[in-house]
Amino acid sequence: MPRFNISADDAHGPLVVGIDIGSGGTRAAVYDVSGREVDKLAHKESHEFTVGDDGASTIDADQVVEEIRTALGVVLGGELPGTVRGIGFDTFASSLVAVDADGRAITPCITYADTRCHAQVTDLAARLDIDELHERTGARLHSSYTAPRLAWLREEHPEVFTRTERFMALGEYVAFRLLGTAALGTASAAWSGMIDRRTGQYVPEVLEAIGVQASALGEALDPDDALPVADTPLAEEFPQITEAVWLPVIGDGLAANLGIGALGAGTWGISTATSGAIRQLLDTEISSLPSGLWAYRVDQRRTLVGSAMSDCGRVLDWARFQLGIPEDISETDTETLFSAPPSNGTPLVIPFFSGERGTKWRGSSRALFANVGASTTAEDMLRGAMEGVALSFLRIADQMREAGGEPERIVLSGGMTEAIPAWLHLLADALGAPIDHVAVSRSTMRGSAVMALEQASPGTAVAEAPVLRRVEPVAENAAYYRERLERFEKLADLA
């Protein structure tokens, strides 16, 4: 994957810094006004979540703060070809840190992958109108969101709940520790599942149901509410960024779209990593949100709409390890396998190895295989499994069209597609639209930098991400996938 960078000699200011907190590490890099990394001014501090058999998934919030300090020290330590005017910042979406009156974390950061609040999800679903809540907040009632997690903390750890002065998202806590001021971005607050997607205010019925006052939660700040770095502890530590502003934290999904060039309402951004997603930035009102989608407020004008699936690259990994497919997938002729005309003899696969998210959000669902016979080969199973992934995207795409119309362009990135780019034949045919496979390493971090450039250099267009390949659909294959989708939905109801 090319780095999409620019030499220091060719870079133009203003510069920005992008910071990305992912599940595998903390990254920072310097970008010029074109949105390209400057030279090798990038650094990563690796970390892992601490997990438990009870469903816990956490990370030390203060460890992340120190990782950012270290990363900034590296990328700002050399000679910069300009002045840093903005710092963009994203984290993995949905996180929670309990903070006491002295401003110290009294819990580790509870991550999106923590499932200890399943019982509270069930309880809240019985007490709230979940369809009306989805329409107002744009989020589902799910263990990855903040409301059931706060209810769990109140019920299971009342001593911690009582000591808590503020409940913060990870990025909000980081800003508090580095700048002295908590800064919760609207796009991050929306991922809590607790704010009204039209107003940006917390939903009173949710707060009442979980027993939390709005004063214990951070105010949702739009990107143009950026904080000056001057006269903060961070400026004392790094005078190179004294003239910069710190943007309130955003979620990694929004950053991923910005990083691959899905900037406007006409473009869908597709991610194909371990999980998968389709996202679109809309600047029009979604009068009625389709049931399978989420819609996260970004600012007064924009909403990130889309949906996700738990199993995308995980399906490929399962096939490699369980079907006798060579572990080195390059040893399999996937170009021939995936570009061949569709066949009714291909197994129909519901690839819900980790449960279903978009579009019906049935966490207990599991994978199903149909139309498997004695002559079915491992390669047939692989094709069927990847067709199942394409159909999972198609069912999301149908609701995306309902919300925002036909896309003018589809851009895609992700490690799974890097491993088997030929699978895009299946996806383009299923969606009935051309797909541009773009090449941007560390696209999420780049997205946080692009957001910073909106404030540092308003109106300046960033460089377009390079396209590795464009895959056109085969029109006559559309009917096959439509028929398959009907069968897919019936079988998914049994999964």
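Two residues are said to be in contact when heavy atoms of theirs lie within 4.5 Å. The structure is a predicted model, in which local features need pLDDT of at least 70 and side-chain atom pairs count only at pLDDT 80 or more, whereas totals for chains, interfaces and linings use all residues. Residues are numbered from 1 along each chain as its sequence is written, and side-chain values use heavy atoms, with hydrogens and water left out.

With neighbours within four places in sequence set aside, serine 95 is in contact with Cys109, Ile110, Met168, Ala169 and Leu170. Serine 95 belongs to the loop between strand 7 (84-91) and strand 8 (97-99); helices (H or I, at least four residues) and strands (E, at least two) are DSSP runs, numbered from the N terminus. The relative accessible area of serine 95 is 7%, so this residue is buried; buried means under 20%, exposed over 50% and partly exposed in between, with a 1.4 Å probe and protein chains only. A polar atom of the serine 95 side chain lies 2.9 Å from the backbone nitrogen of leucine 170.

Serine 94 is located in the loop between strand 7 and strand 8 and is buried, with a relative accessible area of 6%. Its phi is near 60°, a positive value in a residue other than glycine. Most residues other than glycine have a negative phi, and most peptide bonds are trans. Aspartate 39, in strand 4 (residues 37-46), also has a positive phi, near 45°. Aspartate 39 is partly exposed, at 32% relative accessible area.

Two peptide bonds are cis. One joins glycine 13 and proline 14, with omega about 5°, and proline 14 is found in the loop between strand 1 (5-6) and strand 2 (15-21). Another joins glycine 358 and threonine 359, with omega about 10°; threonine 359 lies in the loop between strand 20 (348-350) and strand 21.

Strand 21 (residues 368-370) contains phenylalanine 369, which counts as partly exposed because its relative accessibility is 30%. The C-alpha atoms of phenylalanine 369 and valine 349 are 4.7 Å apart, although the two residues are 20 residues apart in sequence. Beyond its neighbours within four places in sequence, phenylalanine 369 is in contact with Trp318, Leu348, Val349, Phe353 and Met381.

Helix 11 (residues 313-322) has Gly313, Val315, Leu316, Ala319 and Arg320 as its buried residues. These residues lie on the same side of helix 11 because they cover an arc of only 155° around the axis, the arc being that of the directions from the helix axis to the C-beta atoms. The buried residues of helix 11 pack against helix 13 (378-404) and helix 14 (415-419). Glycine 324, with a positive phi near 80°, follows helix 11.

The second largest pocket has a volume of about 210 Å³. On a 1 Å grid over the protein atoms alone, a pocket is an open set of points where a 1.4 Å probe fits, with protein on both sides within 12 Å along at least five of seven lines, and lining residues have an atom within 4 Å of a point. Grid points are joined across faces, edges and corners, and the volume is the space filled by probe spheres set on the points. Helix 16 (residues 443-456) gives the largest share of the lining, three residues. Among the lining residues are Leu258, Arg302, Glu454 and Val462.

Key. Polar contact = N/O pair within 3.5 Å; in protein donor to acceptor, adjacent residues only side chain to side chain.
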